[in-house]
Amino acid sequence: QVQLVESGGGSVQAGGSLVLSCAVSGYTYNIKCMAWFRQAPGKQREGVASISIGRDSTYYAHSGKGRFTISQDIAKNTMYLEMISLKPEDTGAYYCAADPAYCATDNWYLSRLYNHWGQGTQVTVSS
């Protein structure tokens, strides 16, 4: 079993910043790809960014390029998402996800590929 616990969400004004964390525990040895997804009310869950464990490869959705940075601290079994210049459209529940296959450029954003999910942390950006 793999457990993912997100933290760091909150309410900020437009232009503000937040750092989300995802702590991973359990059988982590077979996790190769981790990602952040978000879901706004009434919308589908969408991929925000992904990172391959132990590698430098990262992928970002167009909406977050230049504003979001995904990173990992393997020693702490934690993944991060640093978000700056936040916009109201960034509002939503943010989830971390993990998968035993390395992230791939053509499918990292497909939520159905991920086996493990956290409970989510809410991000609210006001204008």
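The hairpin of β4 and β5 puts six residues between its strands, and Gly42 takes a positive phi near 80° there. Strands here, like helices, are DSSP runs numbered from the N terminus, with at least two residues of E for a strand and at least four of H or I for a helix. β4 covers residues 33–39 and β5 covers 46–52. The two pair in the antiparallel sense over six bridges, where pairing asks for at least two DSSP bridges between the strands. Across that pairing, Arg38 stands opposite Glu46 in β5.

Before going further, a word on what you're looking at: this is a predicted model, in which local features need pLDDT of at least 70 and side-chain atom pairs count only at pLDDT 80 or more, while totals for chains, interfaces and linings use all residues. Residues are numbered from 1 along each chain as its sequence is written, and side-chain values use heavy atoms, with hydrogens and water left out.

Now follow β5 to its other partner. Strand β6, residues 58–60, runs antiparallel to β5 and is joined to it by three bridges. Ala49 has Tyr60 of β6 as its bridge partner. The hairpin of β5 and β6 has five residues between the strands, and here Gly54 is the one with a positive phi near 80°.

How covered is β5? Mostly: six of its seven residues are buried, meaning under 20% relative accessible area with a 1.4 Å probe and protein chains only (exposed is over 50%, partly exposed in between). Ser50 sits in this strand, and with 0% relative accessibility it counts as buried. Leaving aside residues up to four places away in sequence, Ser50 touches Cys33, Met34, Ala35, Ser57, Thr58, Tyr59, Ile70, Cys103, Trp108 and Tyr114; a contact is a pair of heavy atoms within 4.5 Å.

Met34 turns up again in the largest nonpolar core, which has 24 residues. A nonpolar core is a set of buried Ala, Val, Leu, Ile, Met, Phe, Trp, Tyr and Cys residues joined through side-chain atoms within 4.5 Å. Met34, Trp36, Leu81, Met83 and Tyr94 have the most contacts inside it. The elements giving two or more residues to this core are β1 (2–7), β3 (18–26), β4 (33–39), β5 (46–52), β7 (68–73), β8 (78–83), β9 (92–99) and β11 (121–126). β3 gives the most, with four residues. Apart from this core lies another, of eight residues, among them Cys33, Phe37, Ala61 and Cys103. As background, nonpolar side chains tend to be buried together in soluble globular proteins.

The structure holds two disulfides, each a pair of cysteine sulfur atoms within 2.5 Å. One of them joins Cys22 to Cys96, with 2.1 Å from S to S. It is right-handed, with 55° about the S-S bond. Cys22 lies in strand β3 and Cys96 in strand β9, so this pair ties together parts that are 74 residues apart in sequence. Cys22 is buried at 0% relative accessibility, and Cys96 is buried with a relative accessible area of 0%.

A second disulfide joins Cys33 to Cys103, with 2.0 Å from S to S. The torsion about its S-S bond is about 100°, so this disulfide is right-handed. Cys33 lies in strand β4 and Cys103 in the loop between β9 and β10 (116–117), so the pair ties together parts that are 70 residues apart in sequence. Cys33 is buried at 2% relative accessibility, and Cys103 is buried at 9% relative accessible area. Count the bonded cysteines along the chain and the pattern reads 1-3, 2-4.

Which loop residues other than glycine have a positive phi? Two examples are worth a visit, given that most residues other than glycine have a negative phi. Asn77 has a positive phi of about 50° although it is not a glycine. Asn77 sits in the loop between β7 and β8 and counts as partly exposed at 36% relative accessibility. Ser85, also not a glycine, has a positive phi near 50°. Ser85 lies in the loop between β8 and β9 and is partly exposed, with a relative accessible area of 38%.
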